[in-house]
Amino acid sequence: MMNRVLKLIALIAIVVCCLFPFWWLFVVSLRHRVDIFSGPAAWPSNPTGENYTDLFGQYHMGAFLLNSLVIVTASVVISLLIGTPAAYALARFDLPTKLGSAGLMSALFVRMVPAILLVVPFYIALGKFGLLNNRLGLIIIYTGINTSFVIWMMQSFLAEIPKEIEEAALVDGDSRWSAMWRIILPLAGPGLAATAIFAVIATYNDFLVALTMTSTPKAQTVPVGISTLIGKIQVEWGPMAAAGVIGAVPIIIFASLVQRHFVRGMTLGAVK
Amino acid sequence: MTTGLASTPVSGMDAHSPRRPWDFDRLLPYLLVIPAGVALALVSVYPIFEAIRASFTRYLYGRPIGSAGFSNYVDVAQDPVFWQSMATTVEFVVLVVVIETVLGLSLAMLVLNEFRGVKFIRLSILLPMTIAPVVVGVIWRLIYSSETGFVDPMFTALGLGAPRVLSHETSAFVGLVVVDVWEWTPLLFLICLAGLQSIPQEPLEAAAVDGAGPIRIFLNHTLPLLIPILAVGVILRLIDAIGTFDQIYVLTRGGPGTATQLISIYTYNTAFNFTDYGHGTAMLIALLVFVSLLILVAVSLMRRASQRTS
């Protein structure tokens, strides 16, 4: 009995620790500027939407959201289109061993290496092609990074589809190509959706690459936009909190959709 | 590492007419791999090539002004701030990885069994790591701030005096450790949970019947089975923690003084604020060699774990 009570208290404390910071962000985003300076509160005494209207009016949040939408969509779609076939080839065909493992290794390397190690050379390279502060430049980089992720995730999902299903189709006279489209792709659908959502979360959340490659709201993404608010308006906590809420909400929704696959997503398929 | 991907397919194209379906089928795997290979090469081989070149170049105000030989590397080796940042990074990484592993494993044990509301609790634990690290930074900036936060008032109410977490060297460092633990314990939690769920229950029950206590069962039976999977989580977190940047950029930018200047912040400042790409990339290459070794370890651990859980 004592044990159960202790466990219950522990569980409540854990949930509070995890969720209360989110609540705090939300509360500050709803408070009037004058109220914020009157001391902290766990509940907004007279809630207001002015921080949000300021955010979209004065602080370019609309532009940041649009940039993020374009960049995330383009890079995730392209990387799924080129990464999934590669994953299929690596999962199904006997590629020369060296080629297969070189491909997987470089994919893994791109995924795991800390971004700070790549941004300086990215910056020099994009500068050469005039792609700094440009959505296209970011799309190219994120497509490459996401492709590495797609290859690993999809390979792990495709390996779970029994080979016999395709072999049956091949015996029935299908070509490899049509077997791939007609049989495998539909079976891999849920895995593909999960992979896409993970890629969306990672790209939408990325900060360092976008921070270094962009300089104005013409190409800055949501996280970079949020960080510019901190520099400029050191003491205007309201809009900063509102920006945090807008940065977090889409991701929380997406994340709860793929909760079941989270371990696999975070360990690149190593742990299922 | 990647070159093989982009260059090999040509060899498969000789002799046979590509019109016959048999040939198409034979070529298919290579055709499927090429586009992804090119994309990967663009973001791995090419930037590393550029970085190596830049590390041997002398820069002034962001413009290359000639060859530097090994002088950038010598500068890095003799740069006390570089070594100080490395020491801070090691301290930070070791602290957060140890705390997150212990906490993550404990949490996983706590919610291993199904009970009412367990799904909600697992989702709650998951959330901090899903949102952008920048947003995590914003949240904790609000919490630590003396104007909007609850940390200072709480300490004041307890009669301890407001700590003003981010204004003092030690407390700022501890404050960042707390933020990282909040954000990334969920990763270790999830991996431990998946690992614990994949362990067969019969041997544990048999040991319990034989009279072994819970601590003995954990040490002798659970932990050895869990370690291959736990190792994957620890090394992934370790590699990731070395590159910690976003939250620090938002919360302290490396300050006060250089108390929270991890290597990523120092490299960023060197390259982009002082536009010394040569010095910056030389640091990066040195770090890259080190991280690549860790990644190799990670790969072999992941292979083993993958065989275990599939």
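In this predicted model, the C-alpha centres of domain 1 and domain 2 of chain B sit 34 Å apart. The domain assignment places domain 1 of chain B at residues 3–70 and domain 2 of chain B at 72–309. Where the two meet, domain 1 of chain B brings 12 residues to the contact and domain 2 of chain B brings 11. On the domain 1 side, two elements of chain B give two or more residues each: helix H3 (45–55) and strand E1 (57–60). Of these, H3(B) gives the most, with four residues. Sorted by class, that side of domain 1 of chain B has eight nonpolar residues, three polar ones and one charged one.

Stepping back to chain B as a whole, the chain has 14 helices and two strands. Its C-alpha atoms fill a box of roughly 75 × 55 × 30 Å, taken along the principal axes. As for burial, 43% of the 310 residues of chain B count as buried.

B:Ile215 is part of helix H11 of chain B, which covers residues 214–242. Is B:Ile215 buried or exposed? With 8 other C-beta atoms within 10 Å, B:Ile215 is exposed, because a residue counts as exposed when that number is 12 or fewer. Between B:Ile215 and B:Ala51 there are 51 Å from C-alpha to C-alpha, and the two are 164 residues apart along the chain.

Chain B also meets a partner, chain A. In this pairing, 82 residues of chain A are in contact with 84 residues of chain B. Which element gives the most to the side of chain A that touches chain B? That is helix H5 of chain A (residues 97–112), with 11 residues. The residues on this side of chain A divide by class into 62 nonpolar, 17 polar and three charged.

Methods:
Residues are numbered from 1 along each chain as its sequence is written. Chains are lettered from A and ligands numbered from 1 in the order in which they are written. This is a predicted model: local features need pLDDT of at least 70, side-chain atom pairs count only at pLDDT 80 or more; totals for chains, interfaces and linings use all residues. Domain bounds come from an automatic or database domain assignment. Two residues are in contact if their C-beta atoms, placed from the backbone, lie within 7 Å. Ala, Val, Leu, Ile, Met, Phe, Trp, Tyr, Cys and Pro count as nonpolar, Asp, Glu, Lys and Arg as charged, and the others, Gly among them, as polar. A residue is buried if 20 or more other C-beta atoms lie within 10 Å of its own, exposed if 12 or fewer, and partly exposed in between; C-beta atoms are placed from the backbone.
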